[in-house]
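Please go through this report with the sequence and the model side by side.

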Amino acid sequence: MTFRSQSFALFAGVAIAASAACSSASDPRKVIIGDSSGGSTNTGGSGVGPGTGGSLMLGGMGGGAGATGEGGSGLVMNGVCDQQPFDLVRKPPQILLLLDRSASMQDQINGTEKWAYVVPGVSAAVTATDNDVEWGLKLFPESMGNECQPSSVNPGAPVGVAPMNASAVVAGIPATPTGDGTPTATAINSAVAYLQGLGTDNPKYILLATDGEPSCAVDFASSGDPQGDAVKAAAAAVQAGIKVFVVGVLDAKDSAQQSLNDVAVAGGQASADHNPFAKKFLLAGDQADLVSAIESITSTVATCVFPLSTKPPDPTNIAVVIDKQEAPKDTSHVAGWDYTGPDQMTVQVYGSYCDQIKQSANQVLIILGCMGKPIMLPK
């Protein structure tokens with residue numbers, strides 16, 4: 001499943017505001033969540049207006065509720081007051097293509113340069129997912145003439161991550177690979193620093209395209225352990241919340257596959273094949289496989305983690321509603337929702353309810369109830 005670019009907005013700018021603080025048990029206030037066909041005023045957007053009997057009515061997505069408070073038909077909830085607006089947004093993944101342009105990429109496999117295997121495959125994957133992914137490009141090594149020097153990897157990315165950026169990324173790939181040494185570990189570390197510096201909460205990934213033979217240790221001054229450092233760098237990226245796809249091109253060396261496998265496993269995006277001798281990375285020449293792998297993460301772009309703008313008046317009295325269906329609280333994190341921490345400022349949804357959000361939900365609404373006034377959802 002691939003989201004269209006306009007479908008990233010999950011539930012934007014929805015506000016529920018009560019003008020009173022539910023001061024008595026007889027307060028008749030309630031909230032009505034309308035469906036997409038409801039509302040004759042403020043058509044095309046969500047709005048809140050006073051209804052009859054002191055109720056509040058909220059029109060559905062695209063339906064609208066206006067000053068008359070005539071929203072669409074939907075859920076009626078009692079015991080709700082003093083809620084604040086927030087945005088819940090499906091966000092596209094941000095992927096930095098980390099491309100090995102070392103001299104070894106000029107080596108040939110069956111009469112064809114490795115570079116000629118890698119470039120068409122990654123270019124096709126970038127282009128095919130342009131609507132759903134924010135792409136950027138970083139090449140390594142970045143210096144020529146001196147192998148394994150600090151100047152081999154510089155901060156930042158020559159082609160920064162941005163929406164609809166495939167043409168810039170593809171244009172930024174040189175015609176031929178030129179560079180001395182393969183500082184894979186340092187390049188991964190630099191890519192992580194760049195992605196973290198974007199300051200967004202979009203899902204982030206590195207697409208590492210290489211022939212799998214690192215030659216530079218993190219400590220450029222020593223021979224060190226280039227392969228071990230690359231594995232550690234991929235594992236550290238995952239710890240930082242950034243997974244690493246590995247795209248490889250194999251030569252006749254057995255060590256090349258093992259090297260690629262080790263980094264792919266550490267990077268958290270290895271194939272699920274449990275055969276210890278199986279390929280764990282993506283083959284550069286298999287364009288369909290590359291595109292499929294990238295599309296597999298665009299189908300799970302929707303986050304199931306929802307930050308609240310303020311702490312709930314009564315943290316035990318909230319409701320998480322997904323397309324008019326309430327998700328239960330589940331501290332076992334199997335199927336339902338729970339707070340992510342003791343500050344009770346962020347809600348995370350788990351299991352089948354999270355799957356629903358990722359795959360088909362049109363809206364998510366978190367209702368904050370007043371202290372001592374339980375939210376009454378319809379049965």
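Contact here means heavy atoms within 4.5 Å. Among the contacts in the chain with a separation of 6 or more, 75% are accounted for by residues 24 or more positions apart. The model is predicted: local features need pLDDT of at least 70, side-chain atom pairs count only at pLDDT 80 or more, and totals for chains, interfaces and linings use all residues. Residues are numbered from 1 along each chain as its sequence is written, and side-chain values use heavy atoms, with hydrogens and water left out.

The chain holds 7 helices and 20 strands. These are DSSP runs numbered from the N terminus, with helices (H or I) of at least four residues and strands (E) of at least two. Of its 379 residues, 50% count as buried. Buried means under 20% relative accessible area, exposed means over 50%, and partly exposed lies in between (1.4 Å probe, protein chains only).

**Rings**

Rings of Phe, Tyr and Trp (its six-membered ring) pair if their centres lie within 6.5 Å; planes under 30 degrees apart count as stacked, over 60 as edge-to-face and the rest as tilted. By this rule there are 2 aromatic pairs.

| Pair | Centre distance | Plane angle | Class |
|---|---|---|---|
| Tyr205 and Phe245 | 5.7 Å | 35° | tilted |
| Trp337 and Tyr339 | 5.4 Å | 90° | edge-to-face |

The pair of Tyr205 and Phe245 links distant parts of the chain. Tyr205 is in strand β12 (residues 204–210) and Phe245 is in strand β13 (residues 242–248), 40 residues apart. Tyr205 is buried, because its relative accessible area is 12%. Phe245 is buried too, with a value of 3%. Trp337 and Tyr339 are both buried.

One charge also meets a ring. The charged end of Lys279 sits over the ring of Phe281, 5.7 Å from its centre. That label requires NZ of Lys or CZ of Arg within 6 Å of the ring centre and within 35 degrees of the ring normal.

**Two packed helices**

Two packed helices are described by the angle between their axes and the distance between the axes. Axes are lines fitted to C-alpha atoms, for helices over the stretch in contact, with angles from 0 to 180 degrees between N-to-C directions. How do the axes of α3 and α4 cross? Helix α3 (residues 184–196) and helix α4 (residues 226–239) have axes that come within 7 Å and cross at roughly 15°. So α3 is roughly parallel to α4. Angles under 35 degrees count as roughly parallel, over 145 as roughly antiparallel, 65 to 115 as roughly perpendicular and the rest as oblique.

The crossing of α3 past α4 is left-handed: the near helix is turned anticlockwise from the far one by less than a right angle, whereas clockwise would be right-handed. On the α3 side, the residues that meet α4 include Ile188 and Val192. Among their counterparts in α4 are Ala230, Ala233 and Ala237.

**Single residues**

Gly241 is in the loop between α4 and β13. It counts as exposed, because its relative accessibility is 53%. Its C-alpha atom is 8.5 Å from that of Tyr205, 36 residues away along the chain.

Gly285 is in the loop between β14 (282–283) and α6 (287–298). At 54% relative accessibility, Gly285 is exposed.

Is Ser123 buried or exposed? At 13% relative accessibility, Ser123 is buried. Ser123 lies in helix α1 (residues 114–128). Leaving out residues up to four places away in sequence, Ser123 touches Val170 and Ile173.
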